[in-house]
Amino acid sequence: MNSETYLDFCFIRKSSGNFAAEVDEMLSRLFKGVRLNWYLDEKIEDDMEIVVAEVKGMSKWQSEEETIAYIEEHAEETFWDTLQGYKMFIYPAKRGCGSCGTH
């Protein structure tokens, strides 16, 4: 069963240009084959580039722990070097409505 998946990542690095495009490519490689889409919000403050990635869609992960394990196994070094924070919510599909006792 697929789960509704919501991930937010905050990436920060010293300003050198083109960071949002690099984050987009990094997420494309990380989530290749996973039915997720993302929106990137880029800001520059105090000579630092900040990209907030809002990721959502459907995945096979059933928990935040499973999602973290996948990311730890598949993320490249740049992901870890620039990641400053994250939040995630995974909502597994429930079987049945519960009114008749079936699952």
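This is a predicted model: local features need pLDDT of at least 70, side-chain atom pairs count only at pLDDT 80 or more; totals for chains, interfaces and linings use all residues.
Close-up 1. Arg13, for its part, counts as buried, with a relative accessibility of 15%.

**Close-up 2. Arg13 reaches Glu49.** Stay with Arg13 for a moment, and look for another partner. Arg13 also forms a salt bridge with Glu49, where the closest N and O atoms are 3.0 Å apart. Is Glu49 buried or exposed? With 1% relative accessibility, Glu49 counts as buried.

**Close-up 3. Lys14 meets Asp47.** Here the side chains of Lys14 and Asp47 come together in a salt bridge, at 3.2 Å from N to O. Once again the partners come from distant parts of the chain: Lys14 sits in strand 1, while Asp47 lies in the loop between strand 2 (36-45) and strand 3, 33 residues apart. Lys14 is exposed, at 56% relative accessible area, whereas Asp47 is partly exposed, at 44%. The salt bridges shown so far are among the six counted in the model.

Close-up 4. Now for the rings: a search of the whole structure finds ten aromatic pairs. In the pair shown here, the ring centres of Phe79 and Trp80 are 5.0 Å apart and the planes stand at 80 degrees, so the arrangement is edge-to-face. Phe79 counts as buried, with 1% relative accessibility, while Trp80 is partly exposed, with 39%. Both belong to a cluster in which ring pairs link Phe9, Phe11, Phe79 and Trp80.

**Close-up 5. Phe89 and Tyr91, stacked.** How are the rings of Phe89 and Tyr91 arranged? They form a stacked aromatic pair, with 6.4 Å from centre to centre and 5 degrees between the planes. Phe89 is partly exposed, with a relative accessible area of 39%, and Tyr91 also counts as partly exposed, at 45%.

Conventions:
Residues are numbered from 1 along each chain as its sequence is written. Side-chain values use heavy atoms; hydrogens and water are left out. A salt bridge is a side-chain nitrogen of Lys or Arg within 4 Å of a carboxyl oxygen of Asp or Glu. Buried means under 20% relative accessible area, exposed over 50%, partly exposed in between (1.4 Å probe, protein chains only). Helices (H or I, at least four residues) and strands (E, at least two) are DSSP runs, numbered from the N terminus. Rings of Phe, Tyr and Trp (its six-membered ring) pair if their centres lie within 6.5 Å; planes under 30 degrees apart count as stacked, over 60 as edge-to-face and the rest as tilted.
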